[in-house]
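User: Could you walk me through this model? I'd like to start with the words you use.

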Amino acid sequence: MSEKIVYSHCHYCVSLCGTKITVENNRVKNIEPDRENPMTWKDFCRKGKTAAEVVEHPQRIRTPMKRVGDRYVEASYEEAISDIASRLTAIIEQHGNDAVGTYHGNPLGFDFGGSLFFNGLLDALGTGNRFWVGSVDQNNTHIVQHAMYGSELISLPADIDECQFFLLLGMDPVQSKFGWLEVNPDGWNRVLAQQAKGAKIVVVDPRYSETAKSADDYIAIQPGQDWALVLGLLHVIFSENLQRESQTPLSGIEPIRDAALAANLGELADRCGVGAETIRKLARAFAQADTAMAIAHTGVGHNPNGTIGEWLVTVLNAVTNRLDTPGGRRLERSYLDLVKIFSSFAPPSSHRTRLKNLPAIAGFHALAELSDEILTPGQGQIRAMIIANGNPVISGPDSATLDKALGSLDLLVAVDLVQRDSHRHADWLIPGTHFLEREGLHCLFAGLMDKPFAQYANKAVDAPAGIMPEWQFYMELALAMGRPMFGKKGANSIIKASKFLAKITAKPNLQLNPQWLERILVASGKRIKYKDIRKHPHGWIFAEKSYGDLAKTLRTPDKTVHCSPPSFMAALQDALIDSRPVTSPDFPLIMVNKRQRESMNSWLNETQGMHSLNRGNTVDIHPDDAEALGLIDGQQVRISSPQGSISLPVLITAGGMPGVIAVGHGWGSTVYEPNSGKIAQRYGSNRNALVDRHAIDRFSQVPHFNSTAVRVEPIAAETEQASLIAAAQA
């Protein structure tokens, strides 16, 4: 028996925890944190610890599988690629390029080679109907980045170790570990270390989260009204001349200053449910702190005015000199200039959706629109879909309608490790690979790091015999269709020549592959060498962090941060006069979202090592609401919205806002057994099924996951027993 140690990093979330993997005879024996990693191991959790369970999942797809009736039969890659290529070609020839739609989820985003070549296939197909998982949470950030900085890809990680005042809105870093569109390893513990030195933590959230329990001040707020609170903070800062001169060039201060001063602080306080004096004290404390940062996450973005909230938080940082300064939000230059690369080689998409005429954001359309784009007849109707490593039926709103839509397609191809809810109508199931079976440098994370850091991910085990890497499948499909990979003339000739050279020399790496592109990208940065990255198996902090690079990176025409984009200013005025209630007599409560550390959206809850720990598929209810409804802990209730109903046990949770319930996302997913067509596993209830797909933020197109009006009713004992029996029989 041969045992080896492999050093790599986890690919489940943006913590990117350094890992030490013990392997014996091509099987993972143990995964633990790599304590020699200088940056990213301290957030290591059960997700990474149990990663090998996914590799060895009993329902894992190990060969292409073709639908025959209600079941699937094994097939070769040659048969799969030939059939898919011919059917896609026929659909495109008859209905146009946009008749093919695509969707990809988080796992593809953590696979640099797969995501690069998947986009190369999309360019080959020429379709603009590209949908992605980012549209259910992060689009508002990209919209604000583009409007204020001139690029959708300028991320500003938190400079935690220099910060003396943390204003955290709609985030729970005890669970998320401070990661989202930035990589802040051990972020929450570093925040607590700063608190021990005297820094202040203020948490703004409708629910009393684990993070709120550690805060110096917790502010309960009405869901969806964060924008009103932040506008109130700006009102106080401008009226008391508490703003600071910015070291980053700003423009458009006067319009937002005038709007903030014109707003009535008392009315803003009433909107958000936070007292005017509390707003005044918070504004003064934030503005007068030596160093500070305000951060808004999905708790803000999942609301009707989520983009306005994100924008105002960024303005708050800008006018108090918290952009690219110590202790604020700083730009990490890293080893390559992603903004320059994408602006040169991947210009923003000009494609708009057929029915609502909405633009793509960061190159992709919103999942909320996908159902209607499939179901509505007419020129440009989506008739075929490729779903790459994603489960949109669970991740997106109104799952029943999307399931119906996917079932109506002429062709559905799913690439994944197992067959999930979104794949149950698939014509073809294509095997995916696990990150333990891949190697590479994820260049796209370079600019998200809060320090100059690079780590190559080494492969721990080989994929099951015969499984083709996803990047290669996408490339072979483009070749079979005779359409130019990456949408570039001559690309296929280069690919074929490289394949021929690899064959005659018996050197597989001579074929075009992701490592070619990794090397080119690192070289383009002219800062470090690819070979030097490979010399640091535990990861490499290759430089000291610096400040001031944001000013040099801005892509606005005048090279300033635009603080008053006209469209945002107009939407702010609309928000100020909009007094429509979210709730109604039939649906009197508001459902908000919550994160759980030992869960990763819709793709890990079905593994035993995770499910055994995840008891979080509950509905958190304020004691006042529980008493009014006559509920006790653990009691089963029905939660209903105009879109449908789900059943969950009650968890009575003190603190927070009365009238607000919280349900975690990512539950309700199903794994199927392809050979028999039967359900293998199903865990929990999907809260997103209650969310209206038509109710979206006007800018980001993100659904109102945190502003869904619902009704909660106890389930009679006999009804509950019948439901349990039915579930067991299913």
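Analyst: Contact, or packing against something, means heavy atoms within 4.5 Å. Helices (H or I, at least four residues) and strands (E, at least two) are DSSP runs, numbered from the N terminus. The model is a predicted one, in which local features need pLDDT of at least 70 and side-chain atom pairs count only at pLDDT 80 or more, while totals for chains, interfaces and linings use all residues. Residues are numbered from 1 along each chain as its sequence is written, and side-chain values use heavy atoms, with hydrogens and water left out.

User: OK, so which residues are buried in helix α19?

Analyst: In α19, which covers residues 399-407, the buried ones are Ser399, Thr401, Leu402, Asp403, Ala405 and Leu406. Buried here means under 20% relative accessible area, exposed means over 50%, and partly exposed is in between, using a 1.4 Å probe and protein chains only.

User: And what do the buried residues of α19 pack against?

Analyst: They pack against α17 (370-375), α18 (392-395) and the strands β13 and β14 (411-416). One of those, β13 (residues 384-388), pairs in the parallel sense with β6 over 5 bridges, where two strands count as a pair if DSSP finds at least two bridges between them.

User: How many residues of β6 are buried?

Analyst: For strand β6 (residues 100-104), 5 of its 5 residues are buried. Both faces are covered, with Val100, Thr102 and His104 on one side and Gly101 and Tyr103 on the other.

User: Switching topic: what order do the strands of the open sheet have?

Analyst: That sheet has 4 strands in the order β10-β9-β8-β12, with parallel pairing. Strands β10 (217-220) and β12 (293-296) stand at the edges with a single partner strand each, so one side of each has no neighbour in the sheet. The twist averages 15 degrees from one strand to the next; for such angles, axes are lines fitted to C-alpha atoms (for helices over the stretch in contact), and values run from 0 to 180 degrees between N-to-C directions.

User: How many bridges are there between β8 and β12?

Analyst: Strand β8 (residues 165-169) pairs with β12 in the parallel sense over 4 bridges, and Leu169 stands opposite Ala296 in β12. Helix α15 (residues 306-319) lies across both β8 and β12, and α15 runs at about 170 degrees to β12.

User: Which strands close into the barrel?

Analyst: The barrel has 6 strands with mixed pairing, in the order β20-β24-β21-β23-β22-β27. Neighbouring strands there are turned by 45 degrees against each other on average, direction ignored.

User: Is Gly187 buried or exposed?

Analyst: Gly187 counts as buried because its relative accessibility is 0%. Gly187 lies in helix α8 (residues 187-196) and, leaving aside neighbours within four places in sequence, is in contact with Asp43, Ile160, Lys177 and Phe178.

User: What about Tyr7, which residues is Tyr7 in contact with?

Analyst: Tyr7 is in strand β1 (residues 3-9). Apart from neighbours within four places in sequence, Tyr7 is in contact with Thr19, Lys20, Asp34, Glu36, Asn458, Pro537 and His538. The C-alpha atoms of Tyr7 and Val23 are separated by 11 Å, with the two residues 16 apart along the chain.

User: Last one: where is Leu501, and what is its relative accessible area?

Analyst: Leu501 has its place in helix α21 (residues 491-505) and is partly exposed, with a relative accessible area of 39%.
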